[in-house]
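Here is a short report on a two-chain protein model.

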Amino acid sequence: VSEPLSVARVVRVFTLTGILSIGGGRAAFFYDALVTRRGWMRVEEFLQDFTVAQLLPGATFANLSITLGHRLAGVAGAFGGLVAVIVPGGVILIVLAAIYLARGLTPDVATLMRGMSAAVVGLVAITTVRMARPALVSARSIAIAVVTFVAVGPLHVNTPLAIAVMTVVGLWLNRPGRDGASGDRA
Amino acid sequence: MSDLLVMTWTFLWLSLICVGGGLGVIPEMQRQVVTKHGWVTAREFVDGYTLAQLTPGPTMLVVTFVGYRAHGLLGALLATIATFLPTSLVVVLVAAHWQRVRTHPWAVAAERALLPIGIGLSTAGAYTLARSALHDVVTMAIALAAGVALYHGRVSAILVVVLGGVAGWLLLR
């Protein structure tokens, strides 16, 4: 934890972990690899990096590889970590896209894809529920989530506008000094 | 050429409005790449998202699929860079200073404000995918069964998705 690791080592471990992390809850693979198995950081450090990854714009998993890489090996570790989790998947996806687009879908493949897409909907729904449970702790956080969903989902309000408005509302509702620093009340 | 630039720019600004993760930007991305610019069809978009789900790394790599469909290898490369490079610069910058600012009252307020927005957006993302992927009793049943299996059991997500595919293959013919 105290002395930085070599960038090459971070890239090697992140590449391996990245390749193994398929499906939902991908952050758990990094938790297992870095905290549980190697003891490279403490639980609180991992959770802090995860929070930053979630708060900042971008895919959470990509952001997490950056924050973790940064903690372990500085700026070079951050970008090395990102490249390590992006490149293998990117190459595989190009190959899959080429196959998918070149042949056109035979009826068999089309029904297979439709079944898999339907299962993916179940997967993302559950992932969202898991993410929502610890975060929606107060009436105002639930209200913000619901209004954002209704606006961007069924009502098709454009996302930048919805984010801008809801961020202002959310900051105002949670402004420093409101209910002191004691945290949310349900 | 100009369409390639428009696409690169589109993915760049889309990446910057990814609040709470990649799923949250799916409604706006679908609007841009399917409805507005026609780089992929709605079916291709949801299939691309499914393939990205089956691939290692972030599911946001769906942009690589869309870029490849629209402009081949160069499109795939530019879409990927536009999506991941600018946000990574922001993250590195913030990660370097987070330890200092995270206890600031406004940082706490920002965290409390942004997390629920991210959840609302992710729910909208799931809703958008459901609208494209679920159109009959069979696909709805597969989605429901997948959700229940993942919620209760310690089953691998990838296995559930593949089994969903097999169910679709058997029941949708």
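**Core.** The model is predicted. Its largest nonpolar core holds 94 residues. Those touching the most other members are A:Phe30, A:Leu34, B:Phe11, B:Met29, B:Val33 and B:Phe45. The biggest contribution to this core comes from helix 4 of chain A, residues 60–103, which supplies 15 residues.

With neighbours within four places in sequence set aside, A:Phe30 contacts A:Phe14, A:Thr17, A:Val35 and A:Phe46 among others. The list also includes A:Phe61, A:Leu64, A:Leu68 and A:Val85.

**A:Thr17.** Is A:Thr17 buried or exposed? A:Thr17 counts as buried because its relative accessibility is 7%, and the cut-off for buried is under 20%. Beyond residues up to four places away in sequence, A:Thr17 touches A:Phe29, A:Phe30 and A:Ala33.

**Interface.** Chain A puts 86 residues in contact with 97 residues of chain B. The area buried between the two chains is about 7900 Å². Carbon and sulfur atoms give 76% of that area. On the chain A side, A:Leu55, A:Leu93 and A:Arg114 lose the most area to chain B. Together these three make up 8% of what that side buries.

**Second largest pocket.** This pocket has a volume of about 320 Å³. Its lining has 16 residues, and the closest to its centre are A:Ile86, A:Val87, B:Leu77, B:Thr80 and B:Ile81. Which elements give two or more residues to the lining? They are helix 4 of chain A and helix 4 (62–101) of chain B.

| Class of lining residue | Count |
|---|---|
| Nonpolar | 13 residues |
| Polar | 3 residues |
| Charged | no residues |

**A:His156.** The last stop is a backbone detail. A:His156 is not a glycine, yet its phi is positive, at about 60 degrees. Where is A:His156 found? A:His156 lies in the chain A loop between helix 6 (139–152) and helix 7 (159–173). Its relative accessible area is 49%, so A:His156 is classed as partly exposed. The cut-off for exposed is over 50%.

How values were computed. Residues are numbered from 1 along each chain as its sequence is written. Chains are lettered from A and ligands numbered from 1 in the order in which they are written. This is a predicted model: local features need pLDDT of at least 70, side-chain atom pairs count only at pLDDT 80 or more; totals for chains, interfaces and linings use all residues. Side-chain values use heavy atoms; hydrogens and water are left out. Helices (H or I, at least four residues) and strands (E, at least two) are DSSP runs, numbered from the N terminus. Buried means under 20% relative accessible area, exposed over 50%, partly exposed in between (1.4 Å probe, protein chains only). A nonpolar core is a set of buried Ala, Val, Leu, Ile, Met, Phe, Trp, Tyr and Cys residues joined through side-chain atoms within 4.5 Å. Contact means heavy atoms within 4.5 Å. On a 1 Å grid over the protein atoms alone, a cavity is a set of points where a 1.4 Å probe fits but cannot get out, and a pocket is an open set with protein on both sides within 12 Å along at least five of seven lines; lining residues have an atom within 4 Å of a point. Grid points are joined across faces, edges and corners, and a volume is the space filled by probe spheres set on the points. Ala, Val, Leu, Ile, Met, Phe, Trp, Tyr, Cys and Pro count as nonpolar, Asp, Glu, Lys and Arg as charged, and the others, Gly among them, as polar. Buried area is the accessible area (1.4 Å probe) that two parts lose on being put together, summed over both.
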